[in-house]
Every structure is written in structure tokens, then in C-alpha cells.
Amino acid sequence: MAQDDLVIDPWGSAQSTDYDRIIDQFGLTSMEHVDLVSPSKLHRRGIVFAHRDVDHILEAQRTGGAFGVLTGLMPSGQMHLGHSMVVEQVKWFQQQGGDVTIAVADLESQATRGVSLAKGRSVALEEYIAHYAALGLDPEKTNVYFQSTRPVVQRLGFQLGKRTNLSEFEAIYGFGGETNLAHVQAPLVQVGDILHPQLEEYGGLRPIVVPVGVDQDPHLRLTRGLAAKTNWFNLRASSSRGWLVSLSVHDENAEVFGQLPNGRVDKAKVAAVFDRVVDAVAELGFSDIVSSPKQGTVHIPSATSRDRHSIRMALLRLERTLGGPGLMAPASTYHHFAVGMTGDKMSSSQPKTTLFLRDEIATVEKKIKRAFSGGQPTVEEHRRLGGNPDIDVAYQYMMYFFEEDDAYLGEINAAFRSGKLLAGEMKQLCIERATAWMSELHEMRDQTAHQVAEFLADDSR
Ligand code: TRP
């Protein structure tokens, strides 16, 4: 690994905000050219800035196919504004037709933060799910479960563990000899969290999207790599045109793929598998399919990038009928972190850096008044030089959390920049919006309190 490579530690407190570099180095795709039908404010403002494979989700949505959304929560501490960003994105996907699964990471919380399972359960319900309900998630279309009581999640993690090793963990997470094994187990359980909704009992094969902050990307890289390693068929762009399908032979499928123990190949079996591939692809409406079992490929010259999703789905369905797991690598979206109120990172352990969803209105007001300002030291200088909204916490909080109206946000941005709007005035505007937002949230929390139990999956009541 090169000396200055970024390693993101999902449990650490360091936070890189060099987002272009993150996109570049981790191979994310910018959201800039992704067309959404009804973008939320987080999309319109570039706060959700990158993704992996989100086109699978949009394609499912466009063609009326099913898709799922998965997120996980660490049941420790109080919920703050930063946490609400993921909820907003989950809600948006839910409104677009996705089914929602929420993992309570009680095993992870116990292993990495010393929270007992009983405590984890009560914190999850009373603090997190209570706010998810208040923020408008639909209990009818949401399933909350606990890592500790869904064995299949742990089993999947265990089974996929054999497809990775300590060197990969070292590369992804920066682990070394002194790393506590809880930090090895937790990611494997998280792999189980992310992949299990595709199992037949949990909704079956469909694309799953995981909206996260970039700190969680290591888990997604791990999960995507492991899912890909189980796949029985590879799909890649042909160097001429169209797509090429090939077999990925490993222990689990050697027999089905006609690989005899003596190293020979059962040609009839291979031909039969290729025929199944051709049939599966033909069903999608392609007629010019070139099957070459000898070269080991099925070529679909007329398929374009728009067809990648449907071909991939057809191959995974075929894999399942042949006895394979048929797991799809998860899609993900990434959001920028809001600045902490003091200008540092937002953190539960430093209450002044954020607003907790249970903060009293008076506390909210006090915190915003003391928040880091992008204004000039004196009114005279501010009028003359203008302020910087990019670092002004009051403005940033309006943009990230409280203000829906883009045009109005543009106006106050320009007024602040030009010096017309003073730092104290910006704070006052923010206090008004924040107060309204929080009061509404608190009212909704009372109104939806009775729904909390309805969010729980059958195995979690
Ligand atoms: N590790 C996550 C956190 O620290 C919690 C989590 C567990 C999670 N499973 C997940 C997040 C699955 C996203 C998807 O907050």
C-alpha cells in the first residue's frame, strides 16, 4: 500500500473530507450525472455525492422491479442530526418503492462499545426507532431486526469469511497484529446484514442499496468483493461491443460445471450450462447470442450498458436454479458529513458539536448562537468583505437539515457572501428554522410512539 493511501477506519474518529480523492481512490462514481426522478434536498445539493451501482436500483425502479434498502444502526448513545441524514435517504428510497430492512447492530455495539444486548435493544427501540418513526419512515414497509437474534445473518458472515483473509482485512481496514478480533467479526456480521435480504426468506433476489457515510465504505468494499467471489457467472464488457458472460468455476459449482475430479472436463455438461445461459439471455429478448463453450464465453454483441442490470439479474436467477447462492453485490450511496457546530467533527461524545434529536428548544438556540461562524470579526468588515457560507455552521445546517426551499437558500447564501446578511442574522434565521423543525419532530415523536413495535420484524418482537 502506498504511503499516503487513505485508509478509512469505520471505528475511528478521523474523517477525511477530501471527497474527490475518496471518489478517486475507492473507485466510487460521482452522483453528478445520475438523473433522479424526484431528487431529495440531499441529492439536489450534492450532499449525496457518490455511489456504487445505484443504476441497478434506478433500473429496477424504472422497470417496476423490486428493490430493497438496508441500513444498520449502532444502538449506543443518543441520536443526533448526523444520524438523521441516513434516515432521510432511506425514507426517500422507501417513497420510490423500496422495501426497507434495518439492522440493529447489537452484536457490534456489544463487541466494540461494551453495550449489553438488553441495553442495545432498549436504546434501539426507544431512541433510534422512535426517531425513525418520527422522521416519517413507514412501519408497514420497514423491518427492523437484531443481529443477535437472526442466525442467518451470522451464518452468512461465517460462510463468506472463508473467501477472505487477514491480508485483505489489513488492506481494507488497516488492521495489524494487535487488532481485536471483534473488529474482524463485526464486519463479517455486517456482510451478513447487507446480503441476507436477498435470500428467499427475506424477499429474494433483488438489488439492495445501502446509503452510508464514507466511513462505512470499507464494509461495502468487503461485502461487494465477497458477493462477487461467490458468483457462478462473470459479466464483463466485450472489447469489441456488447457483453461477455463466462463461467467462474470454484469448489461449489465444479460438479455442475462439468469439472471432473481428475482434471478433465465433461464437455456435454459444459455445453448444457452454456445452453442454459443462452436461454436465460434469449428470454430477455436478445437474438444475436454467440455461444462459444470452447472459448468459455457467451457474447451478446447488441447489449448496451443499459442492459447490464437485466443480464446480471438473469444470470443470478440462473445461478440459483443451478443450486448457487445467486448473490448480487450491494449498491451504495455516500453522503458528505455535516460540519460539527464548533467547526470540528460532529460527535456524540462532544455534545457541543451537534444537536441531539432530544435537545430542548432552548439548548438548540444556545448551541446555534455559539456555533462556528463564517462571518467577519466586525460588522464593518463583514459588510465590506462578505462572509463565507461554506464554513458558516448556521448556513450549513439550514442546507443539510432544516431548509427545503432551494431558491431561498440561494438567496441567503448570496446575501451572506456579499455581506448584506450578517452572521448574527444568519444564526437567527437558522434558529427559527431549527426550532420549527425540532418542535415538529418532537410532536411527531409523541404521535408515532405507539408505532415503534410495528417496525419490528416477526423474529424481533
Ligand atoms: N457498522 C455500522 C455503524 O457503525 C452499523 C451497521 C451494522 C450497518 N450493519 C450495517 C450499517 C449494515 C449499514 C449497513 O454504524
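**Touring a predicted model**

Visitor: Is Asn143 buried, partly exposed or exposed?
Guide: Its relative accessible area is 38%. Buried means under 20%, exposed means over 50%, and partly exposed is in between (1.4 Å probe, protein chains only). So Asn143 counts as partly exposed.

Visitor: Before we go on, what is left out of the side-chain values?
Guide: This is a predicted model, so local features need pLDDT of at least 70 and side-chain atom pairs count only at pLDDT 80 or more, while totals for chains, interfaces and linings use all residues. Residues are numbered from 1 along each chain as its sequence is written, and side-chain values use heavy atoms, leaving out hydrogens and water.

Visitor: How many residues along the chain separate Asn143 and Ile102?
Guide: Asn143 is found in strand 5 (residues 142-146); strands are DSSP runs of E with at least two residues, helices are runs of H or I with at least four, and both are numbered from the N terminus. Asn143 touches Val100, Thr101, Ile102, Phe455 and Ala457, leaving aside residues up to four places away in sequence, where contact means heavy atoms within 4.5 Å. The C-alpha atoms of Asn143 and Ile102 are separated by 6.1 Å, and along the chain the gap is 41 residues.

Visitor: What is the phi of Asp53?
Guide: Most residues other than glycine have a negative phi. Asp53 sits in the loop between strand 2 (48-52) and helix 3 (54-62), and it is buried, with a relative accessible area of 15%. It isn't a glycine, yet its phi is positive, at about 55°.

Visitor: And which residue takes a positive phi just after helix 3?
Guide: Helix 3 has buried residues of its own, among them Val54, His56 and Ile57. Those buried residues pack against several elements, including strand 2 and helix 4 (81-95). Just after helix 3, a positive phi of about 75° belongs to Gly64.

Visitor: Which residue has a polar side-chain atom 2.8 Å from a nitrogen atom of the ligand?
Guide: A polar contact is a pair of N or O atoms within 3.5 Å. Gln190 has a side-chain N or O atom 2.9 Å from a ligand nitrogen, and for Gln216 the distance is 3.1 Å. At 2.8 Å you find Asp193.

Visitor: Which residues form one aromatic cluster?
Guide: Rings of Phe, Tyr and Trp (its six-membered ring) pair if their centres lie within 6.5 Å; planes under 30 degrees apart are stacked, over 60 edge-to-face, and the rest tilted. By this rule there are eleven aromatic pairs. Tyr400 and Phe401 make a tilted one, 5.9 Å centre to centre with 40° between the planes, and Phe401 also makes a tilted pair with Phe402, at 6.0 Å and 50°. The cluster is Tyr397, Tyr400, Phe401, Phe402 and Trp437.

Visitor: How far does helix 17 reach from its first C-alpha to its last?
Guide: Helix 17 (residues 423-448) has 26 residues.

Visitor: How far is the charged end of Arg221 from the ring centre of Phe26?
Guide: A charge sits over a ring if NZ of Lys or CZ of Arg is within 6 Å of the ring centre and within 35 degrees of the ring normal. The charged end of Arg221 sits over the ring of Phe26, and its distance from the centre is 4.1 Å.

Definitions and conventions: Expected span 1.5 Å × (residues − 1). Polar contact = N/O pair within 3.5 Å; in protein donor to acceptor, adjacent residues only side chain to side chain.
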